[in-house]
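Please walk through this protein chain with me. Keep the sequence and the 3D view side by side as you read.

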Amino acid sequence: MLRVNRTAVLALLIVSSSVFLLFQLHYYRKYVSKHPGSHILRPAGHLTPGHLTASQVQWQVVKKFLALVQHFKLPLFLTDTAVLALLSQDALRQRDRLVREPHCSFLCTGRAVTSFALQANQWKYDPGFLLAAEQKGFEVMELRGVDPRLASLDTLSGEDIPLHFLFRLHSHVIQVVFLYERSGNYLWHGALRLKGDADRSFAAFKVLDYGRYAGAYDRPQLILTVLDGLDVRVPRNISRFLAQQKHARFLECRYRDARNFLQLYPDDSSAAAVDFRRKAKALLHLTAQTLARLDVPFWLSSGTCLGWFRQCSIISYSRDVDIGIFITDYRPDIIAAFTDAGLTLKHKFGKVEDSLELSFLIEDVKLDVFFFYDNGDIMWNGGTQAKSGRKFKYIFPRFSLCWAELLELKVRVPCETLDYVTANYGTSWNIPLRVWDWKSSPSNVQENGVWPVAEWAELIQVY
Ligand SMILES: *[C@@H]1O[C@H](CO)[C@@H](O)[C@H](O)[C@H]1NC(C)=O
């Protein structure tokens with residue numbers, strides 16, 4: 001009797017709980033369909049397997065990805081800033097003989113992205129790779145853009161090339177940045193731009209290490225290493241690579257505008273102009289080599305900057321090459337380095353504390369080196385009139401430095417180039433001016449007193 005009752009109660013319980021479960025399911029489906037944004041159980045969502053932490057997922061996804069990379073022989077290396085930072089610190093930690101974590105020390109930063117770079121000239125595009133990735137469960141996004149290597153003053157339209165791959169698995173994204181060789185003997189990657197119909201939630205685009213802007217890099221030396229049990233190539237000098245990564249932003253020349261400018265004001269093709277451009281190019285390359293050896297960064301200033309910005313070349317009637325250097329990067333051996341390179345010092349005005357300016361000569365081309373002072377709100381460089389001792393000040397809005405290419409050379413320019421050029425040349429910078437007085441023509445020149453006569457011998461040196 002008792003047993004029958006028990007069975008009946010059990011059956012009743014099973015029936016009622018099933019009904020309740022069905023009700024819950026039904027209600028839940030209604031809830032989800034009403035709140036499509038809710039991702040608790042979204043069918044297309046990417047739940048991380050419950051028993052793994054984000055860091056463990058990262059390691060597993062990277063492992064799966066590297067297996068594919070090896071199979072397809074992709075010339076890939078690790079560029080992830082978080083992992084590389086851990087690696088460079090690790091070199092220090094090991095020196096200090098501190099104990100490392102046993103299982104995963106690097107490829108488990110807990111970030112939602114791990115980034116790699118692909119040396120595009122060493123890989124023949126293989127769609128089979130993407131297919132294989134999809135078969136392994138990765139969702140793939142390929143971002144393309146115009147090939148800037150084909151753009152020039154003569155041709156504007158480039159063909160589309162792959163710029164970035166994104167692979168997503170279990171909410172972890174692997175970014176692969178394509179690095180292309182450019183004619184200035186450096187590596188370039190494009191900006192990551194989503195087309196109109198792209199899935200904007202595919203990755204946390206704002207936190208990607210690469211793609212906010214285009215970038216330029218020296219070709220790094222790579223070494224093969226084992227990270228957390230996985231074979232991966234990394235830059236040999238990690239701190240150098242990370243330092244470059246921070247200031248890698250690259251500006252493409254405005255070829256379209258330059259072409260319009262040159263249609264209005266055709267380039268001087270006289271023998272003298274051609275000769276000057278050849279010499280200016282050689283001087284610019286020599287300058288870059290010399291300052292690179294001293295580790296002193298410089299940028300294109302005044303007329304040379306205007307030439308790049310306005311016409312993607314050298315202004316043939318400018319007769320000189322102008323560069324800027326931050327006074328904080330000044331080194332006393334700069335003069336010796338230039339004279340060793342075959343230049344002669346023509347004048348030295350001012351002092352490190354105020355309005356320093358150097359001028360060199362090689363053949364009949366002048367190199368003007370302007371030192372820039374940071375005043376908080378503004379940046380400025382000084383000028384000196386030799387015969388009168390009068391001082392001048394040229395004021396610029398604050399700027400940062402970007403990479404650009406001029407005459408097959410990777411050089412820096414102010415990122416805010418338009419503001420810089422406008423400060424210097426006014427809003428009509430787009431109209432050539434052959435007559436130019438450095439003391440009065442610039443829009444940003446100010447009188448700045450006179451050097452005391454007693455100091456002229458020291459502060460106004462003309463050779
Ligand atoms: C790595 O690069 C930095 C910066 O360029 C340099 O100072 C350092 O000597 C390099 N280290 C090695 C081991 O080459």
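Take the contacts between residues at least 6 apart in sequence: 67% of them join residues at least 24 apart. Two residues are in contact if their C-beta atoms, placed from the backbone, lie within 7 Å. This is a predicted model, in which local features need pLDDT of at least 70, side-chain atom pairs count only at pLDDT 80 or more, and totals for chains, interfaces and linings use all residues. Residues are numbered from 1 along each chain as its sequence is written.

How far does the predictor trust its model? pLDDT is its confidence in each residue, from 0 to 100. The chain averages 89, and 89% of the residues score at least 70. Two stretches stay under 50. Over residues 31–48, pLDDT is under 50 and the model has nine contacts beyond four places in sequence. Over residues 95–101, pLDDT is also under 50, with two such contacts. Where pLDDT is low, the predicted coordinates should not be read in detail.

Now look inside. The chain has 463 residues, and 29% of them count as buried. Buried means that 20 or more other C-beta atoms lie within 10 Å of a residue's own; exposed means 12 or fewer, and partly exposed is in between, with C-beta atoms placed from the backbone. A nonpolar core is a set of buried Ala, Val, Leu, Ile, Met, Phe, Trp, Tyr and Cys residues joined through C-beta atoms within 7 Å. The largest one has 92 residues, and L118, F167, L179, W308 and A404 have the most contacts inside it. Helix α2 (residues 54–71) gives the largest share, seven residues. Domain 1 (54–246) and domain 2 (255–462) both contribute, so this core lies between them. The domain bounds come from an automatic or database domain assignment. Leaving out residues up to four places away in sequence, W308 touches C253, L300, A404, L406 and V413.

Next, the strands. The chain holds 11 helices and 20 strands. Helices (H or I, at least four residues) and strands (E, at least two) are DSSP runs, numbered from the N terminus. Two strands pair if DSSP finds at least two bridges between them.

Start with β13 (residues 354–362) and β14 (residues 365–374), which pair antiparallel over six bridges. L358 has V369 in β14 as its bridge partner. Two residues separate these strands in a hairpin, and E363 in the turn has a positive phi of about 50°.

Move on to β15 (residues 378–384) and β16 (residues 390–397), antiparallel and joined by seven bridges. Here M379 is partnered by F396 in β16. This hairpin has five residues between its strands, and G389 in the turn has a positive phi of about 75°. β16 also pairs antiparallel with β19 (residues 445–450), over four bridges. There, K393 stands opposite Q446 in β19.

Conventions
pLDDT = per-residue confidence, 0-100.
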